[in-house]
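Q: I am new to this structure and would like to learn how to read it, feature by feature. Could you take me through it slowly?

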Amino acid sequence: MTIQKNRLSEETYQANFQDIHPPYRSEESAVREAHRCINCFDAPCTKWCPSGIDIPGFIRRIASGDDKGAARTIFTSNIMGVACSKVCPVERLCEGVCVFTLLKEKPVAIARLQRYAAEKALRRNWKLFEKGRSNGKRVAVIGAGPAGLACAHTLALNGVAVTIFEKEARPGGLMTYGIAAYKVTTEACHEEVDYILSIGGIELFCEKELGKDFTIKDLQSKYDAVFLSPGMGKTRRLGIPGETLKGVYDALSFIRRIRTEDRAQIEVGDKVVVIGLGMTAIDAATQARRLGAGEVTLVYRRSEVEKPCSDRELEIALLDGCRLLWLTAPVGIQGKEGKVTGLVCSRMKLGKKDSTGRRLPVVTGETFELECDMVIKAVGQEPLGDLFSGKDITDKNGKIVLDDHFMTCIPGVFAGGDAVNGGKEVVHAVQAGKEGAKAILGYLGR
Amino acid sequence: MADLRSTFLGITSPNPFWLASAPPTDKKINVLRAFEAGWGGVVWKTIGAQIRNVSSRYSGFSYRGAGPVGFNNIELISDRPAEVNLKEIREVMKAFPDRAMVVSLMTENNRESWHELVKKTQDTGVHGIELNFGCPHGMVERGMGAAVGQVPDIAAQIVEWVMETATIPVITKLTPNVHSVVPVGRAVVEAGSNGISLINTIQSVTGINLDTLVPRPEVGDHSTFGGYCGAAVKPIALKFLTSLAQDEVTGKIPISGIGGISTWRDAVEFILLGASNLQVCTAAMLNGFRIIDDLCEGLRNWMDEKGYKTIDEMVGLSLPRITRWEELDLNFHVVARIDQEKCIRCGKCYIACEDTSHQAVSLEAGRPYNVYTIKEEDCVGCNLCKIVCPVPDCITMTEQRKGAEYLNWSEFQRRNMPL
């Protein structure tokens with residue numbers, strides 16, 4: 001058992017990482033599907049979209065051949081309409097409540113239609129929005145992820161001069177660095193960010209980190225308001241023995257390398273175990289397989305009912321040949337000569353419900369060892385902690401706390417995204433950015 | 001099993017479905033294919049006057065991506081010499097002696113031309129003649145086609161000329177491009193026409209190319225009014241058919257129904273409103289001749305299910321059910337009912353009624369699904385909700401009479417009842 005790179009030919013890497021949900025190949029196909037939509041009133045799909053896109057509205061526009069109108073409808077509610085069409089767990093959101101599902105029929109392909117119109121706008125560089133006439137206000141946004149970009153866009157639209165500070169070399173946040181390459185390519189992320197920023201009125205500085213290069217106080221002196229959307233920190237520690245052995249990876253760093261380096265240079269094991277079952281766990285497991293790992297096992301401490309990933313995501317993992325062990329919790333990583341050789345697991349059973357209403361796993365006392373040479377941790381991220389020096393604006397879990405007006409306890413400092421919600425979908429972050437921007441506009445007295 | 005054999009003006013065919021005079025019946029090769037597929041008869045595309053055709057010729061009208069629900073054409077009558085057509089007609093009849101062969105005719109408006117054309121046509125041994133008084137384009141400008149069918153006196157004159165020579169049944173095909181089809185219908189019947197067929201196509205513009213701004217069908221930089229047909233014209237055709245079938249003069253002679261017949265259901269409706277023969281064109285042009293199987297089988301299955309043995313016994317059965325508005329029962333009242341088990345919560349009934357009707361659907365907000373119910377006291381029974389509902393039988397109209405007695409508008413006024 002070894003961890004090694006260069007497992008596949010260039011063609012196989014290419015094939016393994018191509019778009020998993022290909023777009024419509026022709027306008028006709030999109031229009032045909034658009035005509036399936038019956039144009040519900042007070043549509044369930046729109047109600048279930050965290051960003052509130054007028055879904056029947058944009059589909060009507062596609063059906064009538066007004067793709068520009070469709071794109072504007074999408075972007076008005078969700079400026080990351082392209083990304084969301086690719087990464088949203090739609091069977092839990094819009095498509096999951098399409099009225100056709102009540103007839104046991106296939107829902108309207110909302111995500112694919114959204115991608116059709118939104119991507120067309122991006123490819124053709126349609127100027128759908130213009131920055132508002134300057135009102136002399138300046139706002140600093142921390143982090144160029146979905147929340148920060150959505151906030152900046154809404155502010156620019158309303159005449160605010162925005163400056164975004166991004167700690168990474170490139171904008172996009174987890175869209176750029178933390179999502180499986182077969183869903184969204186890194187290049188596509190950059191194109192989308194460029195398109196969003198093309199509204200004008202938004203300055204972007206990369207490799208500028210809050211707490212290192214500047215403080216909130218610095219910003220407060222130069223800007224009329226601040227929006228914090230820094231995201232989350234490192235992958236959580238498991239807190240079990242053996243976590244420092246060679247061969248233990250964290251999922252986000254693993255995914256980040258796939259998105260920034262030559263795939264052939266990324267090593268994977270013969271037998272890989274991924275701990276966790278969120279979207280990131282799935283992305284890590286499937287991509288490990290697609291990089292040529294011999295065997296990939298996902299271990300999850302609860303059962304299928306409680307799983308955080310969507311059915312469709314799980315299906316991708318299973319179709320990629322990943323194995324899944326339910327009710328399995330890691331208790332220790334075994335090693336030899338400093339390298340991982342196995343994962344000791346505890347078999348669990350479901351106990352009482354926790355605060356989220358999900359049943360808690362409890363130990364049965366039975367343990368077993370999974371032979372492996374690589375362990376990937378995907379058990380969520382830690383909060384960034386006190387980067388903000390000064391007032392404590394977070395709760396005991398490290399999440400930023402907001403009042404009813406999306407403002408932290410520091411006047412003029414607003415926040416949104418993963419740093420507030422603890423890590424949710426891109427679409428939630430976009431919505432938080434929009435809401436934050438509206439709150440800021442209110443605060444600035446517009 | 002129901003017998004689909006048909007006799008129209010003494011012309012027999014194995015089923016009542018004939019192909020109408022149009023491009024599908026223009027040439028021997030097409031008609032042979034049609035007969036091989038099983039069509040009961042054809043009305044051979046109009047021969048007579050010399051013409052030239054243009055390119056392009058057809059355009060479609062689609063709705064909600066459903067393919068062409070309407071169709072129009074600017075093609076004229078046959079552009080081949082009459083002799084060629086008549087030779088081919090003879091050959092086809094020899095190959096399929098059991099099928100109906102009727103030939104559509106159109107020529108210059110003088111006795112000699114008509115006499116000559118009728119004679120040479122019936123000399124081939126065809127079973128009948130159809131007079132094209134309906135073509136809405138091209139020929140009109142030359143005083144033929146619909147130009148004839150729109151003026152009762154001219155139509156009657158031509159029919160008289162034809163009847164002077166005709167020894168076989170004569171059907172007059174009428175145009176719908178008139179306010180009422182009855183005056184022309186009566187005129188041609190009184191002039192001696194043995195039967196009537198309708199409708200011919202309706203003058204139309206199906207749409208415009210929004211890049212070039214040229215309407216369709218495009219002939220270079222221009223277009224012209226085309227004859228509209230296909231499924232979309234069926235309701236109009238049924239109205240014209242009913243007016244003729246209910247008329248005391250035209251209702252006495254056999255009528256061949258034409259206009260958007262695409263399925264066996266359409267066929268049944270034409271028969272029930274007085275057509276004893278059916279002509280089809282657009283549906284075949286859009287799908288090929290093979291649809292004759294579905295038409296015959298569907299019709300036969302329905303007849304078996306309902307206990308009808310022959311076409312003739314069904315002809316006109318719904319005619320007494322169409323009456324004048326003032327004869328309708330004002331005490332009849334229905335209200336909508338939504339089957340909550342079947343409802344998929346799309347809200348289409350709600351928004352339709354709320355915005356454009358009587359605010360008789362109530363909405364109980366839910367996440368993500370609202371619950372919709374009918375406010376019976378506000379429902380006027382207009383059917384709108386039922387029409388927009390995507391689920392069959394989810395909304396039903398249930399009878400809740402306003403009064404026991406039959407009360408129509410005439411009686412209502414006679415009794416001087418309050419509005």
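Predicted model: local features only at pLDDT ≥ 70, side-chain atom pairs only at ≥ 80, totals over all residues.

Q: How many residues does the contact take from domain 1 of chain A and from domain 2 of chain A?

A: Domain 1 of chain A brings 13 residues to this contact, and domain 2 of chain A brings 18 residues. On the side of domain 1 that touches domain 2, helix 6 (residues 81-87) of chain A gives the most, with five residues. Sorted by class, that side of domain 1 of chain A holds 10 nonpolar, two polar and one charged residues.

Q: At roughly what angle do the axes of helix 2 and helix 4 of chain A cross?

A: The axes of helix 2 (residues 27-34) and helix 4 (residues 55-63) of chain A cross at roughly 130° and come within 8 Å, which makes helix 2 of chain A oblique to helix 4 of chain A. The crossing of these two helices of chain A is left-handed. Ala30(A), Val31(A) and Ala34(A) of helix 2 meet Ile59(A), Ile62(A) and Ala63(A) of helix 4, and by class this contact has six nonpolar, no polar and no charged residues.

Q: Which residues of helix 8 and helix 10 of chain B make the contact between them?

A: Helix 8 of chain B contributes Trp264(B), Ala267(B) and Val268(B), while helix 10 of chain B contributes Asp294(B), Leu295(B), Gly298(B), Leu299(B) and Trp302(B). Divided by class, the residues of this contact are six nonpolar, one polar and one charged. The axes of helix 8 (residues 264-272) and helix 10 (residues 291-306) of chain B come within 8 Å and cross at roughly 60°, and the two helices are therefore oblique to each other. Their crossing is right-handed.

Q: Is the crossing of helix 3 of chain B and helix 5 of chain B left-handed or right-handed?

A: The crossing of helix 3 and helix 5 of chain B is right-handed. Helix 3 (residues 111-122) and helix 5 (residues 152-165) of chain B pack at an angle of about 45°, with their axes 9 Å apart, and that makes helix 3 of chain B oblique to helix 5 of chain B. Among the residues that make this contact are Trp114(B) and His115(B) of helix 3 and Trp161(B) and Glu164(B) of helix 5. The contact as a whole divides into five nonpolar, two polar and three charged residues.

Q: What is the order of the strands in the open sheet of four strands in chain B?

A: Strands of a sheet pair through backbone hydrogen bonds, in either a parallel or an antiparallel sense. In chain B the order of the open sheet is 5-6-12-11, with antiparallel pairing. Strand 5 (58-62) and strand 11 (202-204) of chain B stand at the edges with a single partner strand each, so one side of each has no neighbour in the sheet. On average, neighbouring strands of this sheet are turned by 40° against each other, direction ignored. Within the sheet, strand 6 (residues 68-73) and strand 12 (residues 226-229) of chain B pair over three bridges in the antiparallel sense, and Asn73(B) has Gly227(B) of strand 12 as its bridge partner.

Q: Which peptide bonds of chain B are cis, one with omega near 15° and one with omega near -10°?

A: Most peptide bonds are trans, and most residues other than glycine have a negative phi. The bond from Leu198(B) to Ile199(B) is cis, with omega near 15°, and Ile199(B) lies in the loop between strand 10 (195-198) and strand 11 of chain B. The bond from Arg216(B) to Pro217(B) is also cis, with omega near -10°, and Pro217(B) lies in the loop between strand 11 and strand 12 of chain B. In chain A, Asn39(A) has a positive phi, near 65°, and its place is in the loop between helix 2 and helix 3 (44-47) of chain A.

Conventions: Residues numbered from 1 in each chain as written. Chains lettered and ligands numbered in written order. Pairing = 2+ DSSP bridges. Axes fitted to C-alpha atoms, helices over the stretch in contact; angles between N-to-C directions. Parallel < 35°, antiparallel > 145°, perpendicular 65-115°, else oblique. Left-handed = near helix turned anticlockwise from the far one by under 90°. Contact = placed C-beta atoms within 7 Å. Nonpolar A, V, L, I, M, F, W, Y, C, P; charged D, E, K, R; others polar.
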